[in-house]
Structure formats: C-alpha cells, structure tokens
Amino acid sequence: MKRSINLWNSLDKVSIVLFLLMITAGWFNIYAAVFSEERSGIFDFSQRYGKQFVWIVATLLIAVFVVIIDNRFYFFFSWFIYGATILLLILVLIFGKEINGARSWFEFGGFSLQPSEFAKFGTALALASYLSNKRHGLTRLDVIVPALAILLLPALLTYFQPDMGSMIVFFALFIVLFREGMSPYIFVSGLLMIILFFLTLLFNNLYLTITIIAVAVILLFFITRRWKLCITGTGILIITTAIVYLLDHYIFNFLGIELVIFSSLILSGVVFAYYIYTKKAVVVMVIYLFLTGSVLFVNTVDYTFNNIVKPHQKQRIEILLGIKSDKHGTGYNVNQSIISIGSGGFAGKGYLQGTQTKFKFVPAQSTDFIFCTVGEEWGFLGSVLVIGMYLLLLLRLIFLAERQRSSFSRIYGYGVVSILFVHFFINVGMTIGLVPVIGIPLPFFSYGGSSLWGFTILLFIFLRLDASRTEYLV
Amino acid sequence: MKDPFINRKYVIMALIVMAAAGLIIRLFIIQVVKDSYRLSADNNVLRYVTQYPARGLIYDRKGELIVKNQAAYDIMVVPAQTAKSLDTTGFCDLLGISREHFRKQMKAAVNYSRRAPSVFLKQISDQTYARFQEKMFLFPGFYVQPRTLRKYSKSVGAHVLGYVSEVDDNAIRKDPYYKPGDYIGKSGIEESYEKVLRGRRGVKIFLVDVYSRIKGSYADGKMDTVAIQGADLTSSLDIRLQEYGELLMHNKRGSIVAIEPQTGEVLALVSAPTYDPGLLVGRIRSENFSRLQGDTLAIPLFNRALMAAYPPGSTFKPINGLIALQEGVINDETRFSCNKGYMFVGCHVHSSPLSLEGAIMNSCNSYFCQAFRRVLENPKYKSVPEAYAQWKTYLNQFGFGSKLGTDFVNELAGFIPSASYYDRYHGKNGWRALSVISLAIGQGEILITPLQMANMTAAIANRGYFYTPHIIKAIGKDNAISKRFTDRHSSSIDPANFDRIIEGMEGAVNGAAGTARAVAIKDIIVCGKTGTAQNPHGDAHSVFVAFAPKDNPRIAIAVYVENAGAGAAYAAPVASLMIEKYLRDSIGNKALEQKILDLNLEDKIIRREEEH
C-alpha cells in the first residue's frame with residue numbers, strides 16, 4: 001500500500017544544502033582559475049565561468065526533473081538505463097571525437113558530452129537492482145560473478161577509450177560489494193597485492209622475496225607457537241634451494257636466482273604438503289600459499305609494469321614513488337600543483353590573488369586541478385573546509401543509505417557514496433601528490449557540463465529514493 | 001530480515017574518515033609546515049630581467065677617449081612562445097644565418113629551457129638589428145637584449161688595455177657576482193680594473209604568466225635595482241706616443257716601456273708583435289682569439305714588456321757603478337786600464353785607462369769587472385757571499401728580482417740569484433768574485449724585464465728613488481688611485497753618487513766617443529746606456545735605456561729590439577725617436593725615423609725559424 005508524502009518535505013535538506021554550497025564554491029573557483037584582468041564579467045559566456053553558469057542552471061533543472069519522476073521508475077528502469085549508458089559507451093568508441101588520444105566525447109556542433117559520466121549512475125542502478133533480490137548477500141560465487149560483470153563491463157569499455165580515470169571509478173563500486181557481504185579477505189589480498197606492487201617497483205626483487213619468506217616464517221611462529229616447526233620448515237626450504245642452486249649452477253645453467261628460489265618453494269611444497277596432510281594443519285597451508293603467491297606476484301610485477309601498463313601511466317607512478325623526478329615533463333603538473341597549494345599557506349593568498357592560478361602555471365586548472373585554486377587562494381583553512389564538506393556529505397549519505405527500508409535504495413546509496421568518495425579522494429590526492437595523476441573531476445567543483453550533470457543525477461536519484469523511503473513497507 | 005553485514009558500514013565510514021584525514025595531514029604539511037612552496041611560486045611568476053651596465057670608459061693622459069662602448073644586440077628566444085608556423089627561411093635570411101645554425105641554436109635553447117629566455121644569436125650588428133627590429137613582430141618568442149661591447153678609437157695598446165670576454169665557469173665559481181653570459185675583463189687594464197669598470201648589474205622584476213608573457217612590473221618596480229655604470233678611468237698612457245711606439249716596432253720583436261720618473265706613470269708600453277684590440281670584440285672575437293693564440297712564431301698575445309725576462313747586458317753597468325761608489329771601493333779618481341778586456345771577458349777598442357764616467361760612456365767591460373771584483377772582495381765583509389748578499393740588496397732596492405707591484409696583471413719577477421743559489425752550484429764558500437764576474441756586465445744568471453729596466457732608468461733619473469709604475473692615474477670622479485703608487489721607494493745609495501753615472505750616460509749619447517752618439521737630439525740632453533743582451537737562441541738583443549732631459553727628467557725609457565745585435569744599432573734610435581716624440585711632438589731626424597720604419601727584422605727572424 002502506498003502512503004502519500006510531501007515530496008519537498010521528505011527530501012534531505014542537509015545533502016541539498018551541501019550540494020548547493022559545492023556548486024557555488026566550484027563556480028567561484030572556476031572564475032578565479034580562468035580569471036584575467038582583461039575580462040572581468042563573471043557572466044561572460046565566452047569564458048568557462050560563463051558556461052559553467054549555464055551548466056549550473058541546467059543541472060538545477062535536471063535535479064528538479066529527477067526528483068519529480070516517480071521513484072519506482074528508477075527501480076524498474078534501472079537495467080534499461082544501464083543498457084542505454086553501455087550503448088553510449090560503445091557508440092562513443094565508434095563515433096566519438098578523439099581528444100588527447102582518447103575517444104571519450106560525443107560532439108554535436110560545439111556541444112560535447114562524455115557518456116562515461118552517465119554510465120556511473122547507470123552502473124550503480126544496475127548493481128543495486130541486481131543485488132536487491134539476493135537474500136544471502138555476496139557470499140556465493142554464482143552471485144559474485146554477475147555482480148562483478150556489471151561493473152567490469154563499463155570499466156572495460158572506458159579502458160578502450162582509453163580513460164583510466166573513469167575506469168578506476170567503476171572499481172570504486174567494490175565498496176558496495178563489500179558492504180553487501182563480499183569476503184573481506186578478497187579486499188585484504190587486493191590491498192596486499194597493491195602494497196607488494198609498489199614495493200616491487202621500489203626494491204630489488206631478490207631482497208623482497210627473502211623478506212617475504214622471513215615474514216612467512218615469523219607468521220608461522222606467531223600462529224603455531226612451535227619453533228621446531230619453523231626451523232624445520234626454513235631448513236627444508238634452504239636445503240631445497242641449495243640443491244636447486246647447485247644443480248642449476250653445475251648442470252642446467254639457465255635459471256635466474258629468482259627462478260631458483262621459486263622452484264625451490266614449489267619443490268619444498270611437496271614436503272610441506274605431506275606435513276599438512278598428516279597433521280591437518282590448515283594454517284601452514286594458508287601461509288605456504290601466501291608465500292608462494294607473493295613470490296610469484298613479486299616476480300611478475302616487473303613484467304606487468306613494463307609491458308602492460310602504458311608508458312605515461314608508468315611514469316606517473318614512478319614520479320609518485322620518487323623513482324624518477326621530472327619537473328618539466330610528466331611531473332610538471334603535479335609539481336606546479338603542489339607549489340600552488342603549498343604557496344597558499346595557512347590562510348591563502350585571497351580570492352583572485354593566486355599568482356600560480358592567475359598566470360596559468362597549472363594545466364587543466366578549471367577541470368581536474370580545480371583544487372589548486374582552492375589551496376592557493378583560500379589556504380589550509382579553505383582546503384579543510386572543502387574536505388569537510390565532502391566528508392559531511394559522504395557520511396550523511398551513508399546515514400541515509402542505512403535508513404533505507406528497500407535494499408535497492410540502500411545499495412544504490414552506497415553506489416553514490418563509493419563513486420563520490422573515489423572521485424574526491426583521487427582528485428584531491430593527485431593535486432597534492434598523494435596519488436598518481438588520474439584525470440578525474442572533483443564532483444560539483446570541476447568545470448564541465450557532463451560531469452556536473454552526471455553527479456547531479458547520481459545524487460538526486462538517491463535523494464528521490466530516500467524521500468520515498470516511507471511510502472512502502474517492503 | 002536482519003542485515004548480517006550491517007556493521008560493515010563502520011568500516012566504510014572509517015575508510016572515508018581516514019582518507020579525509022590523510023588529505024588534511026598532507027595539506028597541513030605542504031601549506032603550513034613547509035614554506036619552500038611559496039618561494040617556488042614566486043620564482044614561477046617573477047621574471048628577473050638583467051639590466052647590463054655600460055662598462056667604464058678609458059681616457060689617455062691628455063683626456064683623449066681611447067676605449068669606449070658600442071651597442072650590440074643579442075637576440076633572445078623563449079622557445080615556448082615561438083610560433084609553430086615560423087617562417088624559418090625568412091628569419092634566417094633576415095639574420096644572415098644558415099638553417100643549420102638556426103636548428104642548432106633552437107635545439108640548444110629548447111634544451112636549456114622551453115619557458116625561460118636564452119641567447120639565440122650573440123652580438124648582431126647595428127644594421128642587422130635595424131632590419132630585425134622592423135620585422136620582429138612576425139617572430140613571436142624572439143626579442144632583443146641590448147649589450148655593450150668595447151670600441152677602440154685607435155687600433156693600438158692591445159697589450160695595455162686587455163680585452164673583454166664572456167665569463168667562464170671558473171670565474172663564476174670564484175666570484176658569485178658573475179652569471180653566465182656576463183662579460184669580464186681579461187688581461188691588461190680590463191682585468192686589473194675589472195671591479196671598477198664593470199659597474200653593477202641591475203635587475204627589473206616583471207610578473208609573467210606561464211607563457212612568459214610580461215603582465216606588468218612587480219610591486220610597481222619597488223624591488224627593482226638600477227644598473228650602476230662602471231667608473232671611467234684615466235690612463236697615464238699617452239696614446240699618440242703609444243701609437244708611435246707601435247709604429248716604430250712594426251715588423252720587429254721586442255718592447256718599449258716609457259715612464260714619467262717624477263710619478264711612475266707609464267707613458268707607453270709596447271710589445272711587438274702586437275694586434276689590433278678591435279679583433280677581440282664581438283662575434284669575431286673567438287675566431288680571432290684562437291688565430292692569435294695559434295700563432296706560435298710571433299706569439300702576439302704575449303706581453304714582452306712585462307713577461308719577457310732577459311739578461312740586461314751593458315745597460316746594467318750604471319747600477320754596478322753606483323754600488324761600487326756607494327760601497328766605497330771606487331771613487332771619482334779611480335781608473336782601470338783595459339787591454340781589450342779583463343781576464344776572459346773581452347772588450348772593444350777605446351782609450352785607456354778610464355774613469356767611471358768614461359767607462360759608462362764607452363761601456364768598458366774591463367772597468368766594471370774590476371770594480372765588481374772589488375765590491376765582492378771588499379774586506380768590510382767576511383766573505384764573498386756576504387758581499388754578494390749586500391750587492392743583491394741594492395739590486396732589490398731598484399725593483400729587480402721581484403714583482404714591482406704595478407697595476408698590470410701578468411707582471412714577471414725576473415731573477416736575481418741569491419748567494420745560496422751559487423752555493424748550490426759551487427759548494428758552500430766554493431765560489432769567488434771571478435766565478436760570477438759576468439754579472440759585472442749584466443750577463444750571467446740575472447733576468448730582468450723591460451718594465452723593470454725602465455723603472456731602473458727612472459730611479460737613476462730621480463737620483464735614487466722611484467714610484468711603482470702604474471698605468472691608471474685616476475679612477476672615476478674622485479680620482480683616487482691606490483696609495484702604493486704614491487709611496488716613494490728610495491734606494492740606500494747616496495744621491496750624490498748618481499752625478500758621475502748620469503754624466504757618463506750623458507756622454508754615451510752626447511760625447512764624441514759615446515756608444516750612442518748617433519742618436520743625440522738637438523737641444524735635448526738625453527742620458528742613455530746601450531746594451532747587448534746575449535741570446536743563446538740567435539742574434540743578440542739590442543737594448544737601450546735612457547732618460548731626458550738631463551735636468552728635471554720627464555721621460556725614462558727602456559727599449560728592447562730582439563735579434564737586432566748591438567744596442568746602439570736599433571734600440572737606441574727607437575728610444576731617441578720616442579723621447580723626441582714625447583718631448584717635442586715632432587721628429588727632427590727624419591732619416592733616422594725612416595731607417596727604423598723601413599727596418600724589417602720579422603722577415604729575417606721567420607726565415608731563420610723556418611730554416612730550423
């Protein structure tokens with residue numbers, strides 16, 4: 001049965017106020033980023049701040065439109081919306097205009113549209129729709145695989161554009177999967193892999209392999225508390241390694257030192273397997289698998305990094321890790337961006353007073369690097385205020401998501417949180433050199449119609465669902 | 001149904017809070033803790049445009065401007081601002097450079113920086129500049145930076161004036177004032193008075209955007225510094241005398257140093273062969289420099305007046321005479337006989353026996369050997385080495401054996417052996433007066449530069465004292481020069497002892513039997529002494545020292561003409577012509593002048609060297 005509600009009263013005012021504050025602040029900062037003494041009218045439509053004003057007016061109309069539509073529409077048409085945005089992602093690969101080597105944009109006579117911005121809420125809707133009728137959550141493989149497919153499909157299509165930034169955003173939906181019951185071990189393993197990945201780039205493989213073996217032995221001791229076992233295990237490994245090494249040295253002569261250690265691990269595995277079998281020691285097996293997996297991973301990272309990751313992305317990672325420094329090439333953006341933000345000091349240089357901003361030292365400053373303007377002109381205080389707004393909005397959205405009665409609304413709510421969070425963290429993080437340069441906009445701040453509209457629709461669908469949470473007792 | 005995973009919301013909330021905290025911590029570090037980023041931002045946005053000061057001018061002693069400045073123009077480029085559709089052919093034609101050169105320069109500029117200006121083409125001519133300026137708007141990213149180069153009113157005095165070149169890394173390391181692209185004085189006045197001449201660079205600070213476009217002046221120009229022009233110098237050089245000296249020395253090797261005895265001011269300093277100082281200016285500089293440096297036969301860059309040390313020969317006799325008088329081993333009455341020499345030192349035919357005056361006039365070797373022997377065997381001293389040490393002390397008082405401390409940079413000390421030097425050769429107390437007898441006539445181990453010789457002549461003219469020779473007599477407006485040039489250096493020889501010597505020198509030029517009687521000047525009493533410096537490599541060098549007039553001398557001069565034989569033959573005429581030129585500004589003995597001008601020893605020397 002349906003209860004009638006007053007739509008306006010039911011909409012979450014906190015979120016709406018934060019939304020309005022963000023687009024307004026964004027607009028003023030775009031004005032500052034594009035500002036030059038010669039043109040000073042903030043409504044000059046030939047300039048980005050003039051255009052952004054148009055996008056803002058349009059986005060407010062879109063928000064109203066999204067809210068007016070019946071909430072059931074989003075549930076029933078979620079697959080249709082997902083399908084449409086996927087179609088757009090396919091079409092953009094064919095008909096899209098190539099800008100900076102990527103086919104991410106449709107262009108219709110001076111007006112451009114970036115379909116990946118819309119695929120974000122499309123995917124969040126589809127994922128919510130799929131998971132909403134799975135009563136046991138993401139515990140079984142036959143549930144997990146389709147869920148993964150839903151988010152990997154748009155990720156794959158954006159990979160072909162190629163637009164790494166958008167691709168990573170789809171992976172943000174793993175946060176939703178976690179909330180809905182996916183095993184935390186998958187995340188822990190993923191995290192370990194990422195850490196190992198960076199460690200491998202920084203350190204020598206051999207040392208890393210030895211360190212991993214040492215960690216495994218220590219783990220074994222802390223879990224089993226049997227030092228004899230540890231010594232025997234290490235002894236077996238060392239003896240096997242010595243035999244393999246000698247065999248290689250005198251007979252085969254083609255295994256590298258890494259391969260020697262790896263094959264010793266496998267061979268000594270036979271001995272461990274016997275022990276595991278007789279003693280039913282699951283812990284030992286887990287640790288052994290961890291050890292072998294890590295060593296294998298470490299020794300394949302270099303190959304992946306050198307052959308699969310694109311050169312410019314490789315460079316960005318290397319610069320982030322401080323392996324290479326390049327103040328004028330790839331590192332230029334980040335360097336100038338950090339200078340801008342750093343030079344803002346505690347209280348900032350004042351609105352329109354940022355020299356870095358005014359004289360265009362930071363490329364893409366009204367779009368991906370808009371946070372530089374905040375950092376330079378408003379200083380630490382302004383930066384913390386902006387971060388505080390995002391933090392407040394994200395926590396508020398989690399609160400809203402958790403109060404949903406329908407699992408569809410809750411899951412979609414977490415989708416919104418994940419996408420906004422990843423955008424916010426990566427964008428701000430890259431301007432201050434905390435994460436590699438990944439070109440994605442700061443939600444509601446960055447210049448651009450597509451992203452502004454995409455985020456608005458994303459947010460307001462959820463606010464609309466939230467407004468109707470009391471209509472049904474599902 | 002109860003949601004089994006509800007607690008996971010806390011994990012997600014914690015993740016978000018931690019991420020935000022991470023961002024804030026990082027922001028705190030770069031915005032509040034570190035202040036280096038503010039500096040970097042300032043460096044980004046400020047462009048420091050150097051204002052090069054004009055180098056100080058140099059005048060000669062009569063106020064004639066001898067070194068001035070000419071404008072030169074460096075073409076600068078900011079690669080990031082150049083147009084992609086640059087008309088390279090038009091550009092190259094305009095500047096008269098090849099496309100190859102264009103590419104090379106452009107590549108170098110890009111390598112240096114895409115956004116900062118670098119020199120594209122150095123020192124283009126006025127005409128090229130005029131043509132370029134009209135069309136400059138066609139070539140964005142290129143602009144012109146004015147510089148100043150030296151210009152010489154007469155093509156003489158290269159060795160005295162020195163030259164200016166771009167600073168090298170070494171100079172930049174030594175003095176932090178210098179920046180790449182600055183000019184610095186090398187050799188001569190340009191080097192020794194570099195700090196005075198260079199002035200001080202100024203800087204104008206502009207605000208620029210990322211394309212290096214100037215957006216206005218920074219802080220309304222309050223932080224700009226004005227370039228301070230270098231101070232002008234007045235040289236003691238008489239540029240016309242210098243010019244005349246170089247003319248006389250044309251096609252010869254050797255040097256002339258003329259000093260005003262009352263002040264120590266250098267009137268002329270010629271080293272031949274020389275070169276046109278204009279050759280080492282501007283774009284032709286490096287090419288000409290390596291050509292001059294590569295000339296290992298004539299070595300035109302070598303300043304003989306300061307750096308060539310020769311045994312002085314007979315011009316040394318007046319000093320030995322003075323020492324003997326001072327030591328009391330001879331007096332006005334002392335006469336020594338000469339039978340074509342003394343022991344193994346030969347002499348020419350002249351009347352005998354001779355007094356000191358006559359010995360100077362006739363340049364008698366025998367007289368000076370015997371006088372020198374008395375000096376060293378003086379019973380006043382315990383041993384010959386002790387007497388020798390005293391003899392050396394006198395020489396040092398005349399500025400021999402050490403640098404005079406002039407305002408030239410490459411002055412040589414020459415060499416006066418100490419007693420221990422001979423100890424090493426002959427063993428302690430193993431040598432006697434006869435061992436070193438050749439010193440009596442200015443041969444042997446001693447080495448003296450032409451400048452030191454001229455200084456000695458000035459000291460004789462002054463009857464016992466000299467002022468350290470110097471080439472600059474006034475600096476800037478307050479005319480101050482270093483105190484070391486106004487301190488009188490007196491020898492311990494009694495002024496009265498000089499009379500005999502000077503009379504002997506007067507006789508050498510004006511006496512009937514004088515060795516240099518051929519170069520006497522009507523109505524000017526020149527006192528001189530001829531000399532022949534032995535040259536182990538070839539013909540002896542012709543040497544002559546002189547001062548004039550005898551009373552209140554105004555010029556003391558030393559002339560060396562290499563490989564020219566006896567002193568009377570060539571050095572004496574050159575000295576005499578120089579003295580007449582300086583004192584009268586005209587030459588009476590035109591035949592003598594013509595003979596010297598026509599003399600070409602260079603061909604002879606080159607022929608000889610080719611034969612070897």
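A residue is called buried if 20 or more other C-beta atoms lie within 10 Å of its own, and exposed if 12 or fewer do. The exercises below use a predicted model.

**Exercise 1.** Decide whether Tyr388(B) is buried or exposed, and state which helix holds Tyr388(B).

*Solution.* 
- Step 1. Tyr388(B) belongs to helix H16 of chain B, which runs over residues 384–397.
- Step 2. Within 10 Å of Tyr388(B) there are 22 other C-beta atoms. The cut-off for a buried residue is 20 or more.
- Step 3. Tyr388(B) is therefore buried.
- Step 4. Leaving out residues up to four places away in sequence, Tyr388(B) touches Leu376(B) and Ala419(B).
- Step 5. Asn378(B) is 10 residues from Tyr388(B) along the chain, and their C-alpha atoms are 9.8 Å apart.

**Exercise 2.** Find which residues of H16(B) are buried and explain why they can be assigned to the same side of H16(B).

*Solution.* 
- Step 1. The buried residues in H16(B) are Val384(B), Pro385(B), Ala387(B), Tyr388(B), Trp391(B), Lys392(B) and Leu395(B).
- Step 2. Around the axis, these residues cover an arc of only 155°, so they lie on the same side of H16(B).
- Step 3. On the face turned away from that buried side, H16(B) carries the exposed residues Thr393(B) and Asn396(B).

**Exercise 3.** Compare the span of H16(B) with the expected value, and state which residue with positive phi follows H16(B).

*Solution.* 
- Step 1. H16(B) contains 14 residues.
- Step 2. From first C-alpha to last, H16(B) reaches 20 Å, close to the 20 Å expected at 1.5 Å a residue.
- Step 3. Gly399(B) follows H16(B), and its phi is positive, near 90°.

**Exercise 4.** Describe chain B as a whole: how many helices and strands are there, and what percentage of its residues is buried?

*Solution.* 
- Step 1. Chain B has 22 helices and 20 strands.
- Step 2. Of the 612 residues in chain B, 43% are buried.
- Step 3. Among contacts in chain B with a separation of 6 or more, 71% join residues 24 or more positions apart.

**Exercise 5.** Work out which helix gives the largest share of the side of chain A that touches chain B.

*Solution.* 
- Step 1. The contact involves 37 residues of chain A and 30 residues of chain B.
- Step 2. Helices of chain A that each supply at least two residues to this side are H9 (174–179), H16 (331–343), H17 (355–358), H18 (370–402) and H19 (407–431).
- Step 3. The largest share, 11 residues, comes from H18(A).
- Step 4. By type, the residues on this side of chain A are 20 nonpolar, 13 polar and 4 charged.

Note on methods: Residues numbered from 1 in each chain as written. Chains lettered and ligands numbered in written order. Predicted model: local features only at pLDDT ≥ 70, side-chain atom pairs only at ≥ 80, totals over all residues. Contact = placed C-beta atoms within 7 Å. Helix = DSSP H or I, 4+ residues; strand = E, 2+ residues; numbered from the N terminus. Nonpolar A, V, L, I, M, F, W, Y, C, P; charged D, E, K, R; others polar. Expected span 1.5 Å × (residues − 1). Arc of directions from axis to C-beta.
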